[in-house]
Amino acid sequence: MNEYTDLEALSHRALCDMAQVRPVLDKIADKWTILILTVICPKPARFNEIKRRLDGITHKALADALKRLERNGLVTRTVLPTQPVGVEYAITPLGHSLRQPFEALCLWAAANGDKVDAATLRYDKTLNR
């Protein structure tokens with residue numbers, strides 16, 4: 001009973017904070033943000049290194065995402081004094097503060113991906129009858 005009350009309170013609080021929460025979630029919960037931050041969390045990386053590690057991301061999608069992450073204070077962009085000029089991306093303290101929730105989400109996805117796939121198949125089979 002107490003667990004239900006706690007969940008109800010959390011749900012109510014989330015709904016009350018929705019005007020503040022939703023815009024932030026829109027900035028961090030897109031297709032590539034979690035993966036990009038995961039790549040640069042241990043150490044800064046250059047654009048092509050990030051792109052190589054993120055199978056399937058296009059040049060444009062990565063460039064747009066990195067600009068957005070920099071704008072939102074989650075990533076820094078440093079021009080390196082090399083020939084040709086290089087650019088390195090690093091996670092900021094604000095971006096690093098997302099590490100724990102993102103790790104939990106990635107662990108959940110790894111543990112439950114098969115269950116999600118099975119549910120999708122069951123649902124699709126009921127539509128095709």
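A nonpolar core is taken here as a set of buried Ala, Val, Leu, Ile, Met, Phe, Trp, Tyr and Cys residues joined through side-chain atoms within 4.5 Å. Buried means under 20% relative accessible area, exposed over 50%, and partly exposed in between (1.4 Å probe, protein chains only). The model is predicted: local features need pLDDT of at least 70, side-chain atom pairs count only at pLDDT 80 or more, and totals for chains, interfaces and linings use all residues. Residues are numbered from 1 along each chain as its sequence is written, and side-chain values use heavy atoms, without hydrogens or water.

The largest nonpolar core holds 25 residues. Ile36, Leu37, Ile40, Ile50, Leu54 and Leu62 touch the most other members. At least two core residues come from each of helix H3 (33-40), helix H4 (47-53), helix H5 (59-71) and strand S3 (86-91). Helices (H or I, at least four residues) and strands (E, at least two) are DSSP runs, numbered from the N terminus. Beyond four places in sequence, isoleucine 50 contacts (heavy atoms within 4.5 Å) Val39, Ile40, Ala45, Leu62, Leu66 and Tyr89.

Proline 84 lies in the loop between strand S2 (75-80) and S3. Its peptide bond with glutamine 83 is cis, with omega about -10°.

No disulfide (a pair of cysteine sulfur atoms within 2.5 Å) is found in the whole structure. The sulfur of cysteine 106 is 11 Å from the closest cysteine sulfur, in cysteine 41, and therefore too far for a bond. Cysteine 106 is partly exposed, at 35% relative accessibility. Cysteine 16 is exposed, with a relative accessible area of 53%.
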